[in-house]
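This report goes through one protein chain, from its overall form to a few single residues. Please keep the sequence and the structure in view while reading.

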Amino acid sequence: MGRTVLTFAEIRENELRNVSFEALAAAKDISDGGEVVAAVAGSDDDSLAETLFHYGADRVVKVENEILDHYTNDGYFQAYLQVIQTVKPDVVILGHTALGKDLSPRLAARFNAGLISDATDIEVIDEEVVFTRPIYSGKAFEKKRVKEGTIFATIRPNNIQALDKDSSRTGEVLTEEVVINDLRTVVKEVVRKATSGVDLSEAKVIVAGGRGIKSAEGFKPLEELAEELGAAVGASRGACDADYCDYSLQIGQTGKVVTPDLYIACGISGAIQHLAGMSNSKVIVAINKDPEANIFNVADYGIVGDLFEVVPLLTEEIKSLKVGV
Ligand SMILES: Cc1cc2nc3c(=O)[nH]c(=O)nc-3n(C[C@H](O)[C@H](O)[C@H](O)COP(=O)(O)OP(=O)(O)OC[C@H]3O[C@@H](n4cnc5c(N)ncnc54)[C@H](O)[C@@H]3O)c2cc1C
């Protein structure tokens, strides 16, 4: 039974975010020979559609209206509603990102449909689409399905493997000029915060610091290690509360939820609220001078020691390995 699966691609600084490709892979998996349609809004760059084909889309819908250059719930809701009415999908997949979290409940409610949020896996069992999602702050997983109607889902970034790029794939591009009325909010200006380095929520490697780093300057050795690894820098709430770093770096129950391939926790005790944001990382390395620290209970590799000695040694070792390559 072929399904039509619609994904909404996300763009940042005119580049497609990885979660767009992960959504296509999930869509392909459950389409059962049906059609994978990717919708993309807020850019007139034709190469984005091509890239979506390379990662698994059969058809791309370019959603056009200048209001979509900046995200607003009102504008995107009206635009995506029209796309869904045109494509008539069986399943709609968005990223579990700021945009997806904001928009998916409103879209699902409009169709009186079921929404599964924050899925880490999607599969077809006995011809039904079944989603896996974490519960109890990541301590358990539940499997869920939508009983009837259109299925809406958001997928957690970095969990579903994107398909390998196939540059020979092409498909049909359709342009959907959408009508957007009566906006209640408009974006007047976007003031970017000065950030450097890799985006935390999509990073494959994260070096995170806790209260054990002792000061804002204490982040320096972590930043140097991150630089060598091409990693993003994150933090515990302990470090944020102590004003060692900005709250945008906070990982955990009330911060960002991350699932990198490698998470290096430095001077973090491993409170349950922190674990809620990182315990599903594929490999966890903990550096802590207290051998009883709870972080060691979730770590794959533990180093008992002073982070100010261990982290620079790691950085040096990685540098020397690179020289050998
Ligand atoms: C409702 C609620 C929500 C919360 N949400 C979050 C959240 O989203 N994220 C989050 O992180 N926390 C959250 N917290 C806070 C959480 O309970 C902890 O207080 C916090 O995670 C502790 O941060 P920490 O591990 O950096 O600090 P600490 O618990 O103080 O641990 C510091 C660690 O550093 C080690 N250390 C010290 N010096 C060194 C050194 N030189 N070398 C190596 N190790 C060293 C110590 O042994 C210790 O284990 C929340 C709490 C509540 C109540």
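## The chain as a whole

Of the 325 residues in the protein chain, 49% count as buried. The model is a predicted one. Its secondary structure comes to eight helices and 17 strands.

The C-alpha atoms of the protein chain fill a box of roughly 60 × 45 × 45 Å along the principal axes. The radius of gyration is 21 Å, which agrees with the value near 20 Å that a compact globule of 325 residues would have. Contacts in the protein chain can also be sorted by separation in sequence: among those between residues at least 6 apart, 66% join residues at least 24 apart.

## Helices α3 and α4

Two packed helices are described by the angle between their axes and the distance between the axes. For helix α3 (residues 73-87) and helix α4 (residues 98-110), the axes come within 10 Å and cross at roughly 55 degrees. That angle makes α3 oblique to α4. The crossing of α3 past α4 is right-handed.

Which residues meet where α3 and α4 are in contact? From α3 come Asn73, Asp74, Tyr76, Phe77, Tyr80, Leu81, Ile84 and Gln85. From α4 come Leu99, Asp102, Leu103, Arg106, Leu107 and Arg110. Sorted by class, this contact of α3 with α4 has eight nonpolar, two polar and four charged residues.

## Helix α2 and its buried residues

Helix α2 spans residues 46-54, and Leu48, Ala49, Leu52, Phe53 and His54 in this helix are buried. What do the buried residues of α2 pack against? Their partners are β2 (11-12), β3 (15-16), α1 (18-31), β4 (36-41), β5 (59-64) and β12.

After α2 comes Gly56, which has a positive phi near 125 degrees.

## Two residues with positive phi

Asn112 is not a glycine, yet it has a positive phi of about 50 degrees. It is found in the loop between α4 and β7 (114-119). Is Asn112 buried or exposed? Asn112 counts as exposed, because its relative accessibility is 73% and the cut-off for exposed is over 50%.

Asp182 is not a glycine either, and its phi is positive at about 45 degrees. This residue lies in the loop between β12 (172-177) and β13 (205-209). With a relative accessibility of 71%, Asp182 counts as exposed.

## Asp199

The loop between β12 and β13 also holds Asp199. Asp199 has a relative accessible area of 26%, so it is partly exposed.

Leaving out residues up to four places away in sequence, Asp199 touches Arg12, Arg17 and Ala232. Asp199 and Ala231 are 32 residues apart along the chain, and their C-alpha atoms are separated by 8.8 Å.

## Ala293

Ala293 sits in the loop between β16 (283-288) and β17 (301-304). Its relative accessible area is 7%, so Ala293 is buried; the cut-off for buried is under 20%.

Which residues is Ala293 in contact with, leaving aside its neighbours within four places in sequence? They are Ser269 and Asn288. Ala293 and Gly138 are 155 residues apart in sequence, and the distance between them, C-alpha to C-alpha, is 19 Å.

Technical notes: Residues are numbered from 1 along each chain as its sequence is written. This is a predicted model: local features need pLDDT of at least 70, side-chain atom pairs count only at pLDDT 80 or more; totals for chains, interfaces and linings use all residues. Side-chain values use heavy atoms; hydrogens and water are left out. Axes are lines fitted to C-alpha atoms, for helices over the stretch in contact, and angles run from 0 to 180 degrees between N-to-C directions. Helices (H or I, at least four residues) and strands (E, at least two) are DSSP runs, numbered from the N terminus. Angles under 35 degrees count as roughly parallel, over 145 as roughly antiparallel, 65 to 115 as roughly perpendicular and the rest as oblique. A crossing is left-handed if the near helix is turned anticlockwise from the far one by less than a right angle, and right-handed if clockwise. Contact means heavy atoms within 4.5 Å. Ala, Val, Leu, Ile, Met, Phe, Trp, Tyr, Cys and Pro count as nonpolar, Asp, Glu, Lys and Arg as charged, and the others, Gly among them, as polar. The radius of gyration is taken over C-alpha atoms; the globule rule is 2.2 Å times the number of residues to the power 0.38. Buried means under 20% relative accessible area, exposed over 50%, partly exposed in between (1.4 Å probe, protein chains only).
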